[in-house]
Amino acid sequence: MNYNYNPLAFQQECAFVPYQLVYVYNACVAAAQHSKKFNLISADPTFSRLEIKTKASLFSWGENMTVQLVPYQNGTEITVSSQPKTSIGSQGIGAQQTAGPKNKKNISNFLYEVSRYLQAPQNQLKKTFNPRPGAGAEKIFCFCFIGGA
C-alpha cells in the first residue's frame with residue numbers, strides 16, 4: 001500500500017478584505033481561539049501567519065490549516081490552506097471524494113468566523129493583539145510559501 005501525499009486532499013482559498021492587516025490578524029486570532037471547531041497552534045505577528053488544527057470528526061482525523069496574511073494599500077489578502085493531519089487512508093477513492101469537500105468546509109467556516117469578527121466594532125479587535133511598538137502594518141512584510149509535493 002502506498003501512503004504518498006495526495007494532492008487532491010490539499011485545498012487553498014484566498015480572500016481579499018478591505019481592512020488593515022492588524023485588524024485582520026486580530027480577527028483571525030480571535031476566530032481560531034474562540035471557536036469550538038479550531039485549535040490555534042501558533043500565531044506569528046511578525047510574519048502574519050497562523051497555524052491551526054481542526055478536531056477529529058466522523059469523516060476525518062482532523063486538518064492542519066495555515067493562514068497567511070498579506071497587506072496591501074487598500075486591504076489585506078487572507079490565504080487559508082487545509083490538508084488532512086494524516087495521509088493514512090487518503091489514497092482511497094472514497095477518501096479523495098470526501099477530503100476536498102471537508103477541507104473546503106473548514107476553510108469556509110474559518111473565513112465566516114473571521115468575517116464575523118471583522119464586522120465587530122474595531123476597538124474590540126485592537127484589544128486582542130498589540131503589534132510591536134513602532135511597527136505599523138505598512139512596515140510588515142509577509143512571505144507565503146504555497147505548494148505541495
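Does Val 17 count as buried or exposed, and at what relative accessibility? Select Val 17 and keep that question in mind while we look around.

**Before you start.** This is a predicted model, in which local features need pLDDT of at least 70 and side-chain atom pairs count only at pLDDT 80 or more, while totals for chains, interfaces and linings use all residues. Residues are numbered from 1 along each chain as its sequence is written, and side-chain values use heavy atoms, with hydrogens and water left out.

**Stop 1: the whole chain.** Colour by secondary structure and you will find 3 helices and 5 strands, running β-α-β-β-β-β-α-α from the N terminus. Helices (H or I, at least four residues) and strands (E, at least two) are DSSP runs, numbered from the N terminus.

**Stop 2: the sheet.** Now select the 5 strands: they form an open, antiparallel sheet in the order S1-S5-S4-S3-S2. Strand S1 (11–17) and strand S2 (38–44) stand at the edges with a single partner strand each, so one side of each has no neighbour in the sheet. From one strand to the next, the twist averages 20°. Two strands pair if DSSP finds at least two bridges between them; S4 and strand S5 (residues 75–84) pair over 10 bridges.

Stop 3: Contact means heavy atoms within 4.5 Å.

**Stop 4: back to Val 17.** Val 17 lies in strand S1 and, at 14% relative accessibility, counts as buried. Buried means under 20% relative accessible area, exposed over 50% and partly exposed in between (1.4 Å probe, protein chains only). Leaving aside neighbours within four places in sequence, Val 17 is in contact with residues including Val 24, Ile 78 and Leu 118. Show Gly 75 too: Val 17 and Gly 75 are 58 residues apart in sequence, yet 5.6 Å apart in space, C-alpha to C-alpha.

**Stop 5: Glu 63.** Which strand holds Glu 63? Glu 63 is in strand S4 (residues 63–72), and its 2% relative accessibility makes it buried. Show the side chain of Ser 82, which a polar contact of 3.3 Å joins to that of Glu 63. Finally, select Met 65, which stands opposite Ser 82 in S5.

Note on methods
A polar contact is a pair of N or O atoms within 3.5 Å; within protein, one must be able to donate a hydrogen and the other to accept it, and residues adjacent in sequence count only if both atoms are side-chain atoms. Axes are lines fitted to C-alpha atoms, for helices over the stretch in contact, and angles run from 0 to 180 degrees between N-to-C directions.
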